[in-house]
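Reader: I've got a fold open here and would like to talk through a helix and a strand. Can you take me through them?

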Amino acid sequence: MDRSIALRGLGMLLLGAALAGCASVAPVPYSEMASSAYMAPDKSDASGRVPYRYSTSVDWRGYRKVILEPVVIYRGRDHQFGGMSDKDKALLAAYMQSRFAERLRSRFSLVRERGPETLRIRLTLTGAVTNTPVLGTLSRFDMAGAVYNGVQAARGGEGMLTGSVIYGVEIFDASTARLLSAYVTKQYPGAYDIEASVGALAAAYAGVDKGADALMAQLN
């Protein structure tokens, strides 16, 4: 048997075994998030990125300032971190804090005091999946992986053996403490984002970037 064919066959077997053991994680309405009782399945979201949401009618243009609370690492029993280390959770939370603050600063003044025309935003990191070492990147070049990733890219789905981040967003009117909007979201890089496949947390970081952009699209 040709050696290259044999090696390709072995690679496909390894990919198949990895896929069988790594089912996609679907977010849940996390029971210990304060807004969980208000959120309902978001039937308008065909992508599956925002499966649960609570919303009210808000003129976001009436707000000029924002308080961004420190990112909370979710400790409830229904968390979805798997076996992720506390160190990686802390790194991901710190990255979220930095990236969301950077994006919010492009539209709002970041403040610490509650007052009029001010939003208060709480981010709760509820789960994450790390990249599968080596195989995650190789799957972008393997024939079987290319086919799968091509289909996923066309539908905006997750790439093969790629990590993700799951978190909750709660937005309040800072002066009245009224809940204006809340949602749970799962974010991940594009199926062919090779850079985001290198490094355990690279895909989760890319997901945070996408999530920060999505929040700004809502608030603009």
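Predicted model: local features only at pLDDT ≥ 70, side-chain atom pairs only at ≥ 80, totals over all residues.

Reader: Which residue in the turn between β7 and β8 has a positive phi?

Author: Strands here are DSSP runs of E, at least two residues, numbered from the N terminus, while helices are runs of H or I, at least four. β7 and β8 (residues 179-187) run antiparallel, joined by 8 bridges; strands pair if DSSP finds at least two. They form a hairpin with 5 residues between them, and the one with a positive phi, of about 65°, is Ala177.

Reader: How many of the 10 residues of β7 are buried?

Author: Buried means under 20% relative accessible area and exposed over 50%, with partly exposed in between (1.4 Å probe, protein chains only). Ser164 and Ile166 are among those pointing one way from β7, Val165 and Tyr167 among those pointing the other, and all are buried. So β7 is largely enclosed by the rest of the structure, and the count is 10 of the 10.

Reader: How far apart are the end C-alpha atoms of α2?

Author: Helix α2 has 20 residues (86-105). The expected span is 1.5 Å times one less than the number of residues, so α2 should span 28 Å. The end C-alpha atoms agree with that, at 28 Å.

Terms used. Residues numbered from 1 in each chain as written. Heavy atoms only, no water.
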